[in-house]
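Please show the structure that this dialogue will read. The features follow in turn.

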Amino acid sequence: MDGGIPLNWVLALSAILFSLGALGVLIKRNIIVMFMSIELMLNAANIALVAFSRAHGNLDGQIVVFFTMTLAAAEVAIGLAIIVALFRIKRTIDVDQATLLKW
Amino acid sequence: MLLKWIFLLVALGAILGAIGMLASSNPVHSALFLVWTLFCVAAVYLLLGAELLAIAQIVVYAGAIMVLFLFIIMLLNLRRDEFGLDPMPNQWTWGLLFTALLAIVFVSVAGTLAALRFSGDPLTLASISDLARLLFTKYLLAFEIASLILLIAMVGVIVLAKRPKEGA
């Protein structure tokens, strides 16, 4: 990439951060930390979008990242409200206890 | 050359922050580690020439979203036993195995892409006005829909978090 940072370095960073986010969702049972891991995965995807946007010389990728941030804000607000509602009913944030739809 | 070293340093900081988030058992520490990682991601955006996104990252992610997380963690005021039990048997084994596979696939894909040659000139300095022009012409409809989604989320959060009426 124009003598600066190589594209594959940025993509490798994105891949590692995404994998760590996936690991967090898989090994944690605390729903808040799982939610933070999802945010980490969103950010990893955003890094890849910005890197490709730069490599292509095209601004559309940055616009997509802009919308991702907007939607992440909405998603976090709704998700945390669901967690609060779940905590009111179950008094726990352990995901294995969220079995209200199971019968 | 200097840029490469700065990038490596920032990338290392982001990865260490992510590992710290997973390693700490206290959710408040996890949230603070994630704030650090998000700041490092903002620095990556700066290095890639996306100034507006770097600022939005700090204001929206590291500012608003993480404050919301910390607020909820402190609002729930969890005791130690409410964090959940120990992981299920083999949860760590399978989680690590799956993640290792995922990482191998992603990193190998990232390695192959380096050989590709992209059409067009790489962006050197994308001015904020170019971004704004695109946002308010080509993506105007998406922009309006995004504002609608934020409104819906706001109303939805109030409905979800409101205490149910007595006897209802």
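Predicted model: local features only at pLDDT ≥ 70, side-chain atom pairs only at ≥ 80, totals over all residues.

The dialogue below concerns the contact between two chains.

Q: How many residues of chain B are in contact with chain A?
A: Two residues are in contact if their C-beta atoms, placed from the backbone, lie within 7 Å. Here, 75 residues of chain B contact 65 residues of chain A.

Q: Which helix of chain B gives the most to the side that touches chain A?
A: Helices are DSSP runs (H or I, at least four residues), numbered from the N terminus. Helix 4 of chain B gives the most, with 13 residues.

Q: How do helix 3 of chain A and helix 6 of chain B pack?
A: Axes are lines fitted to C-alpha atoms, for helices over the stretch in contact, and angles run from 0 to 180 degrees between N-to-C directions. Helix 3 (residues 60-90) of chain A and helix 6 of chain B pack at about 10°, with axes 9 Å apart. The two helices are therefore roughly parallel to each other (angles under 35 degrees count as such).

Q: Which residues meet there?
A: Among them are A:F67 and A:L71 in helix 3 of chain A, and B:I149 and B:L150 in helix 6 of chain B.

Notes: Residues numbered from 1 in each chain as written. Chains lettered and ligands numbered in written order. Parallel < 35°, antiparallel > 145°, perpendicular 65-115°, else oblique.
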